[in-house]
Amino acid sequence: MTRYVGAIDQGTTSTRFIVFDRGGNIISSAQKEHKQIFPKPGWVEHDPIEIWQNTQEVAGAALGRAALGPSDLAAVGITNQRETTILWDRRSGKPLYNALVWQDTRVDQLVGEYARDGGPDRFRAKTGLPLASYFSALKLRWLLDSMPEARREAAAGNLLFGNIDTWLLWNLTGGPRNGLHITDVTNASRTQLMNLASLQWDAGLLEEFLIPAAVLPRIVASSEVYGEARTPALLGVPISGILGDQQAALVGQVCFEPGESKNTYGTGCFLLMNTGERPIASTAGLITTVAYKMGQEKACYALEGSIAVTGALVQWLRDNLRLIDSSGEVERLAAEVEDNGGVYFVPAFSGLYAPHWNEGARGTIIGLTRYATRAHIGRAVLEATAFQTREVLSAMEQDSSIRIPELRVDGGMVGNELLMQFQADILDAPVVRPKITETTALGAAYAAGLAVGYWRNRDDLVSNWAVGKRWTPKMTDSRRSTLYESWRRAVARSLNWLE
């Protein structure tokens, strides 16, 4: 009987379930969006119960469309939006509050307080991360401080913390009825509570952030059999892979050698370079993170540049300004003009992440004249993604002393031909889209499948990878230099808008 591997891909805006075969081909999929909740400026929340319900629904729908059942799956992997923070009651399974999304900036004041005593990099040596509202530790502290009786209940062992991977796995394996409370090393590395050297929770960090150890999940490898699903849609299927979404895309792009890099174009952009078994401390504004840990093998590390707003800027153009009716229309709008007309858009809606890490930056449209049209703004929106990617790539090459020969790309925006060509032009490097672009879900499937022997080794995965399309640079050096220098000036004007 032919068997497959499933992947839960729980993202910032939707949840998907995808079924893959041994060649990495998609057999079936289903997807459902969830609500984006914005209670106050800078606050971004999701409903954890809605996400769990959607996960069960899309798993059943994807299997049903292919006339498959749980017995047809050799394993299931999980990949998830990272840093998004949930605190729930282990007895009832009810969250104490909505999930605080990675984009949420409500802890900015706490970031400032910690940075005043030791600077923004005071925890970087242990965690690879700068102080920022992005990561989970301060989000969790906010929940413990803000919810009535939360600290007392947490100390008593009645509350559980997790990012989305932990929340889903706990529910999949039984929830209040002995559900597994675990997280993998990639997600743990995004909390700012894990020591990169030991791959364990750090007692000193827990003390600094006022986090009781009782709420934390157990840290495990990215690829091993954790347990079996007890939810009807996946009943009895081994859950055997967990990777944060960007690390999953790195695995899906089979970037297993040091120096191999990928960029995922989604709500934000996330560029990762595999640095092998040695973590590289960044001096250029990047994050040092765990790339993956397969079973008993040593962990591999990565340099990462995180960009908060890319695809989300297209959504903003659609939903807030209503300049387009659908996200797909932005390419046609941008193509109405030959260039940006001198217009630059810095989408610092919640500050700027890598390589600036400036919490006080805010969105800026600059260079407007009477000549500018909605098409120029549309083009500036797309170009902002490419410019931000170049900033990160330049920092990555500086930190690693490696010139990246090509950039492998994936995510929702890679179908945009205008953007991909401009990306190659502004990088002065080839941009390569794989034949199978659902690399985030594929990476989770690979991790799960390796753990149960569905794929024998990484060579099987590498043989699945194939080029779908390649874009090569066509822009002159002088034009590239002029555009990028104007972008850098625009960024400088957005910094520290909030003091």
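Is Ser401 buried or exposed? I looked this up first in what is a predicted model, and I noted that Ser401 is exposed, with a relative accessible area of 66%. I then placed Ser401 in the loop between α12 (374-400) and β21 (407-410), and read off its phi, which is near 60°, a positive value in a residue that is not glycine.

**Arg322**

I turned to Arg322, for which phi is also positive although the residue is not a glycine, with a value near 60°. I found Arg322 in the loop that runs between α10 (311-319) and α11 (329-334), and I count it as exposed because its relative accessibility is 69%, where the cut-off for exposed is over 50%.

**Pro355**

I checked the peptide bond from Ala354 to Pro355 and recorded it as cis, with omega near -5°. Pro355 itself sits in the loop between β19 (344-346) and β20 (364-366).

**Thr191**

Where does Thr191 lie? I located it in the loop between α7 (185-188) and β10 (194-195), and I count Thr191 as buried because its relative accessible area is 1%, where buried means under 20%. I found a polar atom of the Thr191 side chain 2.7 Å from the backbone oxygen of Ala188. Setting aside neighbours within four places in sequence, I listed the contacts of Thr191 as Phe135, Ser136, Ala137, Phe161, Asn163 and Trp201.

**Helix α6**

How many of the nine residues of α6 are buried? I counted nine of nine in this helix, residues 164-172, and so wrote it down as mostly covered. Among the buried residues of α6 are Trp167 and Trp170, together with Asp165, Thr166 and Asn171. Just after α6, I noted that Gly174 takes a positive phi of about 130°.

**The chain as a whole**

I recorded 16 helices and 23 strands in the chain, and buried residues make up 63% of its 499 residues. The radius of gyration is 22 Å, which agrees with the value near 23 Å that a compact globule of 499 residues would have, and the C-alpha atoms fill a box of roughly 65 × 55 × 45 Å along the principal axes. Of the contacts between residues at least 6 apart in sequence, I noted that 72% join residues at least 24 apart. Finally, I noted 50 positive and 54 negative side chains, with the centres of the two sets 1 Å apart.

Note on methods: Residues numbered from 1 in each chain as written. Predicted model: local features only at pLDDT ≥ 70, side-chain atom pairs only at ≥ 80, totals over all residues. Heavy atoms only, no water. Helix = DSSP H or I, 4+ residues; strand = E, 2+ residues; numbered from the N terminus. Buried < 20%, exposed > 50% of the residue type's maximum accessible area, 1.4 Å probe, protein only. Polar contact = N/O pair within 3.5 Å; in protein donor to acceptor, adjacent residues only side chain to side chain. Contact = heavy atoms within 4.5 Å. Rg over C-alpha atoms; globule rule 2.2 N^0.38 Å. Lys, Arg positive; Asp, Glu negative; His and termini not counted. Charge placed at Lys NZ, Arg CZ, Asp CG, Glu CD.
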